[in-house]
Amino acid sequence: MSEQLLEKILLVVTDIQKELQDIREEQKAIREEQKAIREEQRAIREEQRAIREEQKTFREEINSLREEMNAFRKEQQLIREEQQALKNGQKELYDLMNALLHRQDETDAKLEALTMDVHHMRGEMTAMKQEIHALNEKIDSHYEQFNERLNNLQLDVDFTVHKTTMTERELFKMRNRLFS
C-alpha cells in the first residue's frame, strides 16, 4: 500500500506538476498576452495622443477658420454698407443729374430767347446804324454848308471890321481937323 500510495501521490504530484507546468505555461502565455495587450494599449495611447494632437490641431484650424469667417463676414458687412452708400450716392447723383438736365433745359430755353433778342437787337442796331449813317451824311452836308456860311460871315465880319476901322479913322481924322 505504501507503494501504491506513493505511486498515487507520485501520480498526483506529477499531475500537480503537469498542472503547475500548464499553469506556468498559461501564465507565461497570459504574461505574453498581457505584454502584447500592454503594447497594444501603449500603441492605442500613442494613437489616442496623436488623435488628440490632431484634434487639437483641427480645433485650432477650425478656430482660425472661424476667425477668418468672422473677418470675412465683417468685411462682407463693410462691403454691403459701402455698396449701400454707393447706391445712395448714385441715387443722389442721378437726382442731381436730373435736376441739372432740367436746369439745362431751362437755360437752353433762356439762351434761345436771348439769342432771339440778340438777333432782334442786331436788326435794330443795323437799322440805327443806317439811320446814323444817313444822319451823319446830312450833318456832313449841313456842316459843309454851315462852314461855308460861317466863312462867309467871317469874311463879312472881317470886311465890316475893316470898314469900321477905316470909317473910324476917317472920323478920327475929321474930328482932328475939325477940332484942331
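The secondary structure of this protein chain amounts to one helix and zero strands. Helices here are DSSP runs of H or I with at least four residues, strands are runs of E with at least two, and both are numbered from the N terminus. The model is a predicted one: local features need pLDDT of at least 70, side-chain atom pairs count only at pLDDT 80 or more, and totals for chains, interfaces and linings use all residues. Residues are numbered from 1 along each chain as its sequence is written, and side-chain values use heavy atoms, with hydrogens and water left out.

Next, the overall dimensions. The C-alpha trace spans about 235 × 45 × 20 Å along its principal axes. The radius of gyration of the chain is 71 Å, while a compact globule of 180 residues would have one near 16 Å. That radius is taken over C-alpha atoms, and the globule rule is 2.2 Å times the number of residues to the power 0.38. Arg149 sits in helix α1 and is exposed because its relative accessibility is 59%.

Now the surface. How much of the chain is made up of buried residues? The share is 0% of the 180 residues. Buried means under 20% relative accessible area, exposed means over 50%, and partly exposed lies in between, with a 1.4 Å probe and protein chains only. The accessible surface of the chain is about 17800 Å², and 56% of that belongs to carbon and sulfur atoms. These areas come from the Shrake-Rupley method with a 1.4 Å probe, and for residues only the protein chains shown count as cover.

On to charge. The chain carries 30 positive and 39 negative side chains, and the centres of the two sets lie 6 Å apart. Lys and Arg count as positive and Asp and Glu as negative, without His or the chain ends. A charge is placed at NZ of Lys, CZ of Arg, CG of Asp or CD of Glu.

There are patches to point out. A patch is made of residues with over 30% relative accessible area and no salt bridge; like charges are joined within 9 Å, and nonpolar side chains (Val, Leu, Ile, Met, Phe, Trp, Tyr) within 5 Å. Asp15, Glu19, Asp22, Glu25 and Glu26 form a negative one. Asp15 is partly exposed because its relative accessibility is 41%. Positive charge gathers in a surface patch of Arg38, Arg42, Arg45, Arg49 and Arg52. Arg52 has a relative accessible area of 55%, so Arg52 is exposed. A nonpolar patch consists of Leu93, Leu96, Met97, Leu100 and Leu101, with about 500 Å² of accessible area together. Met97 lies in helix α1, residues 2-179, and at 46% relative accessibility is partly exposed.

Last, the salt bridges. Side chains of opposite charge can pair when their charged atoms come close. The rule asks for a side-chain nitrogen of Lys or Arg within 4 Å of a carboxyl oxygen of Asp or Glu. How many salt bridges does that rule give? The count is one. Asp95 and Lys91 meet in a salt bridge at 3.2 Å, N to O. Both residues lie in helix α1, four residues apart, about one turn of the helix. Asp95 is partly exposed at 38% relative accessibility, whereas Lys91 is exposed at 51% relative accessible area.
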